[in-house]
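Please work through the following exercises with the model open beside you. Each task is followed by a solution that goes step by step.

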Amino acid sequence: MNDSPHNYSELLELAVLDAHGLLDPIESELFNRSFHNAPASVQDEIVRLQHRLATDESLLPSDLPPNSLKGKVLDAVAKAADNEAKRLAPLALIGARVGAARGNINTTGSVVMWRTAAMILFGATVVLAILSFDSHRTAIEFSEKVSSLQALDFIRNEGSPSMVETLTNPLSRIVRLEREEGNKNGYIRVSIFSNLNDPTDPNVDDTAEYVRGEAFGYDLEVGAVVIIRGTTKSGEVIDFARITASNSMVPQVFKIPKDQLQGLTIVGVDAKTGARWI
Amino acid sequence: MWRWVLPENEPDYRLMRRVAIGEEEAVAELYDRFSALVFKLSLQFLSNKAEAEDAVQEIFVRLWKTADRFDPRKAKLVTWVMLITRRHLIDRIRRKSVRPKQQEFTAHHGESATDAPHPSNVLLHERTAQHWQALQTLPEMQRTVIERAYFQGFTLKEVSRQIDAPLGTVKSALSRGLMRLREHRTRDSSVLGS
């Protein structure tokens with residue numbers, strides 16, 4: 001047990017306390033570290049010991065839960081999930097802001113006036129018509145950039161700076177998913193942050209077992225449910241996240257075990273129809 | 001040393017991944033498998049069935065929130081579920097304002113008619129008389145730390161201060177006491193069953 005702060009008997013003692021939920025967070029972390037450093041046979045012994053303790057009903061009363069409790073539990077979990085979605089819902093305003101900004105520029109009186117003035121003053125001169133078009137396009141691009149910065153500030157201020165890192169990190173692996181067939185409105189952007197400590201090499205950070213990912217659904221049909229599904233190099237299929245479209249922009253955070261990143265392909269699957277997003 | 005390969009094909013691992021993304025069927029499956037254990041443990045800790053039912057709902061929400069942290073290399077799913085359950089129940093007890101005062105912990109703690117026992121102690125007396133008897137067979141130190149840390153929700157450091165004993169001694173006594181209690185009850189069950 002190299003680098004372990006506990007010897008064998010201490011480790012077993014702590015395993016008993018851990019199984020009973022009696023360790024505070026720091027001690028629990030120390031126990032976990034010792035567990036990871038322990039030989040496989042000791043790890044197996046601890047797993048068996050804790051399993052025995054967890055399934056020991058000798059100290060428990062014999063009462064069973066009422067049948068009505070299951071519905072209450074499922075409702076409670078669904079409600080908690082809804083609350084979590086609502087907590088993240090302000091992010092959806094960002095999409096609305098972008099839309100509003102675009103709308104304003106398209107219909108601003110000054111733009112129309114200048115266009116009209118340009119048309120009147122320079123008539124049919126093709127060159128200035130092109131210049132007018134260019135300036136308009138530039139204005140939209142500028143507006144989008146400003147809106148994006150506002151969006152990033154908004155995300156940062158709302159307490160998710162790591163999400164900003166993922167969005168702005170040029171080394172994040174980003175996949176844009178669109179419907180394979182049919183309606184082309186809306187899309188899903190999946191970002192996978194390769195490595196928080198050293199983004200240039202996803203394998204450098206030995207301490208992290210997971211990498212962070214975010215999926216954003218943009219302008220999906222309200223009520224649409226899309227599963228973000230990965231296929232590993234070995235053919236393993238794993239569902240990482242589920243997006244339920246309740247707004248014009250729906251964020252969903254997830255984690256991916258680092259050892260599954262190599263050769264991973266990502267698609268979306270409509271949970272209701274099975275239609276694919278690629 | 002640590003096994004780096006995550007057993008993705010492990011059914012419990014896959015179940016918890018589905019729970020983590022809020023799949024209702026997965027939560028229902030988790031409930032079907034573990035609700036009885038979670039409910040019984042809640043009932044043991046709390047004062048009545050209504051409180052236990054509330055706790056079960058909170059515990060399953062907590063299981064949903066922590067589902068992505070389940071690692072089958074470190075523990076079986078039932079161990080994980082019971083760990084989350086126990087932690088939640090201990091937190092719940094700690095949140096309660098009614099707690100035995102320091103001076104109530106005399107050599108005859110919990111047994112004096114003049115003491116105001118914690119609701120979980122009332123439960124202990126009323127519902128599990130055999131369990132109480134088993135507790136009485138333990139050496140005083142082990143009995144004290146089990147009552148205070150396990151049933152009354154005091155942290156190990158608090159218990160250490162209360163009984164003026166080193167933290168390591170408290171940990172050892174608690175661990176040994178819990179194992180002895182379990183052996184005692186297992187022995188009783190086998191005698192009754194024979």
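Axes are lines fitted to C-alpha atoms, for helices over the stretch in contact, and angles run from 0 to 180 degrees between N-to-C directions. Helices (H or I, at least four residues) and strands (E, at least two) are DSSP runs, numbered from the N terminus. This is a predicted model, in which local features need pLDDT of at least 70 and side-chain atom pairs count only at pLDDT 80 or more, while totals for chains, interfaces and linings use all residues. Residues are numbered from 1 along each chain as its sequence is written, and chains are lettered from A and ligands numbered from 1 in the order in which they are written.

**Exercise 1.** Describe how α3(A) and α4(B) pack.

Solution. Begin with the geometry: the angle between α3(A) and α4(B) is about 60°, and their axes are 8 Å apart. Angles under 35 degrees count as roughly parallel, over 145 as roughly antiparallel, 65 to 115 as roughly perpendicular and the rest as oblique, and α3(A) and α4(B) are therefore oblique to each other. Next take the hand, where a crossing is left-handed if the near helix is turned anticlockwise from the far one by less than a right angle, and right-handed if clockwise; α3(A) passes α4(B) in a left-handed crossing. Finally, name the residues in contact (C-beta atoms, placed from the backbone, within 7 Å): A:Gln50, A:His51 and A:Ala54 of α3(A) meet B:Val78, B:Thr79 and B:Met82 of α4(B).

**Exercise 2.** Describe how α3 (residues 49–66) and α4 (residues 77–95) of chain B pack.

Solution. Their angle is about 125°, with the axes 10 Å apart, and α3(B) and α4(B) are therefore oblique to each other. The crossing of this pair, α3(B) and α4(B), is right-handed. Among the residues that make the contact are B:Ile59 and B:Leu63 of α3(B), and B:Ile84 and B:His88 of α4(B).

**Exercise 3.** Find which element gives the largest share of the side of chain A that touches chain B.

Solution. The contact as a whole takes 43 residues from chain A and 54 residues from chain B. Elements of chain A giving two or more residues to this side include α1 (8–19), α3 (40–54) and β6 (249–257). The largest share, ten residues, comes from α4(A).

Notes: Contact = placed C-beta atoms within 7 Å.
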